[in-house]
Amino acid sequence: MLVVVDVQHGFVKEPSRHVVPRIVDLVERWQGEGGDVLFTRYLNYVDSPYEKLIGWKDMRREDGGREIEIVDELLPYTGRGEVLDKTTYSLFTDEGVALIDQRGWQNLLICGIATESCVFATAVSAFERGLRPLVITDACASHSKRDVDAHDAGLLCIRRAIGRRQMITLDDVAKLELPATA
């Protein structure tokens, strides 16, 4: 299964914008071969840990607006995939776990935004559940303008947490011998 993590208007900024066309192309090819795609969408809320502990109040469900929506370029593909709203870094909410269990997905190809938080948490959570996370390194990015090394730091931490063999590139995806729906 291909997991597209939080490619939403509010997270697509100058440092992350370059991965959107890569992800769109990947999703189009993956779905074209009959592969399953799960799009996650992060929604913050009033008094969330993000607000209380780190003072971050963006991307609120209550505020609505364009920033919480999946980018326009991916919208044509969401109807043929699954969309999971979440209020955590990881896709492994109760609903996310139920969906993965129901569909029998064992291999998760992961791309999206932000490498150092939501991509990291999703990859590590999959690993800890005995699933195989494959992080597509050149289809991930950080949206942070302040921390220019956030993407690289995220990749370093992911690699140390789940192993070097689970770090792949877009070129590697075509070579994988996984069933498209695995």
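Six strands form an open sheet in the order β3-β2-β1-β4-β5-β6, with parallel pairing. The model is a predicted one.

**Sheet edges and pairing**
- β3 (82-86) and β6 (167-168) stand at the edges of the sheet; each has a single partner strand, so one side of each lacks a neighbour in the sheet.
- Strand β5 (residues 132-141) pairs with β6 in the parallel sense, over two bridges.
- I136 has I168, in β6, as its bridge partner.

**Helices on the sheet**
- Helix α6 lies across β5 and β6, and runs at about 170° to β5.

**Contact of α5 with α6**
- Helix α5 (residues 115-128) and helix α6 (residues 150-162) pack at an angle of about 10°, their axes being 9 Å apart.
- Because angles under 35 degrees count as roughly parallel, α5 is roughly parallel to α6.
- From α5, the contact involves T115, E116, V119, F120, A123, V124 and F127.
- These residues meet A150, H151, G154, L155, C157, I158, A161 and I162 in α6.
- By class, the residues of the contact of α5 with α6 divide into eleven nonpolar, three polar and one charged.

Methods: Residues numbered from 1 in each chain as written. Predicted model: local features only at pLDDT ≥ 70, side-chain atom pairs only at ≥ 80, totals over all residues. Heavy atoms only, no water. Axes fitted to C-alpha atoms, helices over the stretch in contact; angles between N-to-C directions. Helix = DSSP H or I, 4+ residues; strand = E, 2+ residues; numbered from the N terminus. Parallel < 35°, antiparallel > 145°, perpendicular 65-115°, else oblique. Contact = heavy atoms within 4.5 Å. Nonpolar A, V, L, I, M, F, W, Y, C, P; charged D, E, K, R; others polar. Pairing = 2+ DSSP bridges.
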